[in-house]
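Here is a friendly walk through a two-chain model, meant to be read with the structure open beside you.

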Amino acid sequence: MTVATPSPNVQSIKPIILDELEAPPLPLSKMAWLKFRRHKMALVGVGILIVIILYCTLGGVIFSEKYANYNDTGIALQPPSQVHPFGTDVIGRDILARTVYGGQISLLIGLTAVMLETTLGILIGAASGYFGGLVDNLLMRFTEAILIIPQIFLLLVMAKFFAGNIPNITILGREFSGSVVVIIAIIGLTSWPYLARIVRAEFLTLKESEFVLAARATGTSTPDIIFRHILPNSIAPIVVSATLGVANAITLEAYISFLGLGVRPPTATWGNMLEGAYSYIENAYWLWLFPGLLILLIVLSINFVGDGLRDALDPRSRAV
Amino acid sequence: MTVLLDVKDLKTCFHTPEGIVYAVNGVSFCLDEGGTLAVVGESGCGKSVTMMSILRLIPIPPGEIVSGTVQYRDQDLLKLSENNMQSDIRGKEIAMVFQDPMTSLNPVLTIGRQLTEPLRVHLKFQPEQAQKRAIELLQLVGIPDPKKRLGDYPHQFSGGMRQRVMIAMALACNPTMLIADEPTTALDVTIQAQIIELVKELRKKIGLSIIWITHDLGVVAGLAEHVIVMYAGYIVEEADVDTLYENPRHPYTLALMAALPHVDRRRNSRLKSIPGAPPNLLVKPSGCPFATRCEFVLEKCKTQIPPITVIEDGHSIACWVDVKTGAYR
């Protein structure tokens, strides 16, 4: 008996698998990834971010912090060369090593300031949105009061006020200038209002939903309803806002440090490396080019990732 | 039989910018241990608000429970502290199932997590213990392959399945009483029948006392022992289910019955409806709230609210008229 061989044409058609037709809806995380993947610039952003993080961490293995802070006025303001690929600064420190350590501090400031900002924003926004009434009124008027004052102005005043009051601290065997903590605190303390308003808006709509009523009917406590039921539902805008917040915090740090009120040397950040570089804009381009470029790259890539996340996590855009 | 829940003169209103909405106006009823009570009436007549008041789920403000007592066993639920309500009553003693299963489950939490939550909160179960109980519960409400489905999200379930999950959630902590707020309204007829069968079975198996809110008189006939008919926040008729169907005595109940489709009616005859709309609850009625739509209306109906009176054993109505003669009772 001969088995009829299927013609090559038939074979080239992909057979329909029943499972594929009746596949259950995708889990949320997978759907988000499929949508994120479509965003080419977001993928590029993730790539650049990974490279920068590797640069800052692996660089720290190659150069010691002592080397990054070592100054020799004899070799000040040298253009890029074999020994100093990014050149040296006004007091003869190696710029390559300083961008590595500056990057660590800048990322640290970006991430921790956002953690502080997000925590404050969620707590204040959630309380305001969930409880409403007088609590909402008080918290929102306070939020608006903070929003009215320009953030930069607030930052400069606070930086000036707290500067020098905080001693150096040692974490994991590394000494940080106390000003790092000050900068983290003041960026965190001045950035939360926008997030608080986003969270409040989410809570206002979600607290009226049926599933919250159902949760209350099963005897769920108020903190559980806020943090276990409503908050997970509003995580998308919070994630997006926090991502963009990292870029914002890095820029703000650079801004204050550039004005000389930020992180004090010898601790390097990309921002304070720019401080003083403006007097050499024409004759020592390497002073500002490398830290400037790094700030530009990280802020751009974080913004791309944020845009990608916004599309990926938006429940209204369902198509994959 | 012992009385499990005794509601007396419950009044709930809402303070809105337009004025005070009188949603529940002095409702009294009781539920026996193991009994099934159906509450019927058209939309907006205070059925849900009554039940939500019992569990104190009314948002305050704008809501306000003006007066009344809700005696559950030996405590007045309206006098308990919010903390006691939350930790001892809701979900543990009295559970509630809501109308729309599509929106009553949290979309971002797995079924397993939502099922184990009440166990964790009320009975202080360990995770493995809670997981085991969750699987049992899903089996109890007839969900196939329960172990695998614990990790699924609500959007991976169909409407009927979700309502089963909601019932499983309500039953998690072995409550004594179940309030079902139109649990089958959002489902199609076949699923509706399945859910009703399920509830009947559960009642037999675990001896639940049930309050079933509905506007479907067909459902009532199949399920309840005792029926309350509500209109505009008042109870207008109360009777055993057989009595009510054989001998409805309030004009509103009569009108509701007449509006039911019958298989033996002529095919081209129009379905009867009650003319007009339910009264505006912003205005306190001066007479019987049904007077404007009633076909038996008399002079006294417009000026005096009829009190609820017993007309025969276990059958009471709030009406001035004897619907059999059309004259005053």
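How many of the six residues of strand β9 (residues 226-231) of chain B are buried? Six of the six are, so to speak, under cover: β9(B) is mostly covered, with each of its six residues buried. Please keep in mind throughout that this is a predicted model.

**Around strand β9 of chain B**

In a regular strand, side chains alternate between the two faces of the sheet. In β9(B), His226(B), Ile228(B) and Met230(B) point one way, while Val227(B), Val229(B) and Tyr231(B) point the other way, and all of them are buried.

Which strands pair with β9(B)? One is strand β3 (residues 36-40) of chain B, which runs parallel to β9(B) and is joined to it by four bridges. Here you can find Ala38(B) opposite Val227(B) of β9(B). Another is strand β10 (residues 234-240) of chain B, which pairs with β9(B) in the antiparallel sense over six bridges. In that pairing, His226(B) stands opposite Asp240(B) of β10(B). β9(B) and β10(B) form a hairpin with two residues between them, and Ala232(B) in the turn has a positive phi of about 50°.

**An open sheet in chain B**

Chain B also has an open sheet of four strands, in the order β2-β1-β4-β5, with antiparallel pairing. β2 (19-32) and β5 (75-76) of chain B stand at the edges with a single partner strand each, so one side of each is left without a neighbour in the sheet. For β5(B), strand β4 (residues 63-72) of chain B pairs with it in the antiparallel sense over two bridges. If you look at β5(B), Asp76(B) is the bridge partner of Gln71(B).

**Helix packing in chain A**

Turning to chain A, its secondary structure comes to 14 helices and two strands. Of its 320 residues, 38% are buried. Among contacts in chain A with a separation of 6 or more, 70% are between residues 24 or more positions apart.

| Helix pair | Crossing angle | Axis distance |
|---|---|---|
| α4 (residues 40-62) and α6 (residues 95-131) of chain A | about 125° | 8 Å |
| α6(A) and α7 (residues 133-148) of chain A | roughly 140° | within 7 Å |

The angle of about 125° between α4(A) and α6(A) makes α4(A) oblique to α6(A). Their crossing is left-handed. On the α4(A) side the contact uses Ile52(A), Tyr55(A), Cys56(A), Gly59(A) and Gly60(A), which meet Val100(A), Tyr101(A), Gly103(A), Gln104(A) and Leu107(A) in α6(A). By class, these residues divide into six nonpolar, four polar and no charged.

α6(A) also passes α7(A) in a left-handed crossing. From α6(A), the contact is made by Ile124(A), Ala127(A), Ser128(A) and Phe131(A); from α7(A), by Gly133(A), Val135(A), Asp136(A), Leu139(A), Met140(A) and Thr143(A). This contact has six nonpolar, three polar and one charged residues.

**Where the chains meet**

Finally, what does each chain bring to the contact between A and B? Chain A brings 17 residues and chain B brings 26 residues. On the chain A side, helix α10 (residues 210-217) gives the most, with six residues. The side of chain A that touches chain B has eight nonpolar, seven polar and two charged residues.

Technical notes: Residues numbered from 1 in each chain as written. Chains lettered and ligands numbered in written order. Predicted model: local features only at pLDDT ≥ 70, side-chain atom pairs only at ≥ 80, totals over all residues. Contact = placed C-beta atoms within 7 Å. Nonpolar A, V, L, I, M, F, W, Y, C, P; charged D, E, K, R; others polar. Axes fitted to C-alpha atoms, helices over the stretch in contact; angles between N-to-C directions. Parallel < 35°, antiparallel > 145°, perpendicular 65-115°, else oblique. Left-handed = near helix turned anticlockwise from the far one by under 90°. Buried ≥ 20, exposed ≤ 12 C-beta atoms within 10 Å, placed from the backbone. Pairing = 2+ DSSP bridges.
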